[in-house]
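Q: I have a model open and want to learn how to read it. Can we start with the whole fold and then move to one residue?

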Amino acid sequence: RYYFTDKRGFLTAMLDRGFDDLVDAGATAEPLVDVFHALTARLNAMPWLPILIMQSVYISDELRAHFLAKHAPRLARMLRDSFQSRTSIDPRLGTLSLIAMLTFPQIARPVVEEIIGVQFDPAFAASYADHVAQLFNT
């Protein structure tokens, strides 16, 4: 059981737990497609995480500092390393693109499910990861 002294403590614990789970999911994956498969599947199971990250970096200087110090570098390094051998991709822009492709579908999930008719299930996660990998292979 968890006991928090304030809302910030609760949000920090949620951010830490969610991000640790996310990074652990992609930690053993090697090529870009496997990393993206692992991260997309995990985010499908935790659709609240990108929303929590977005809120955390905007609502509190302390939460933003915590996220930037503890979590952002781990994810950025994992994504950057997953396409390091592709010399035609600028590592900064590639990392930014992958972060956007990972998080935006989850943030827009309620609208995307209605408008496009996409179901965020394991089959979609696999298909979306393959699609993103193809984009980076062209």
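A: Start with the secondary structure. This is a predicted model. The protein chain has seven helices and zero strands. Read from the N terminus, the order is α-α-α-α-α-α-α.

Q: How compact is the protein chain for 138 residues?

A: Compare the radius of gyration with the globule rule. Here the radius is 15 Å, close to the 14 Å from the rule, so the chain is as compact as a globular protein of that length. Along the principal axes, the C-alpha trace spans about 50 × 35 × 25 Å.

Q: Which contacts join residues at least 24 apart in sequence, as a percentage?

A: Take the contacts between residues at least 6 apart in sequence; 68% of them join residues at least 24 apart.

Q: How many positive and negative side chains are there?

A: Count 13 positive and 15 negative. The centres of the two sets lie 5 Å apart.

Q: Now one residue. Where is Ser-56, and is it buried or exposed?

A: Ser-56 sits in helix H3, residues 48–59. Its relative accessibility is 1%, so Ser-56 counts as buried.

Q: What does the side chain of Ser-56 reach?

A: The backbone oxygen of Leu-52, at 2.7 Å. Leaving out residues up to four places away in sequence, Ser-56 touches Leu-15, Leu-63 and Arg-64.

Key
Residues numbered from 1 in each chain as written. Predicted model: local features only at pLDDT ≥ 70, side-chain atom pairs only at ≥ 80, totals over all residues. Heavy atoms only, no water. Helix = DSSP H or I, 4+ residues; strand = E, 2+ residues; numbered from the N terminus. Buried < 20%, exposed > 50% of the residue type's maximum accessible area, 1.4 Å probe, protein only. Polar contact = N/O pair within 3.5 Å; in protein donor to acceptor, adjacent residues only side chain to side chain. Contact = heavy atoms within 4.5 Å. Rg over C-alpha atoms; globule rule 2.2 N^0.38 Å. Lys, Arg positive; Asp, Glu negative; His and termini not counted. Charge placed at Lys NZ, Arg CZ, Asp CG, Glu CD.
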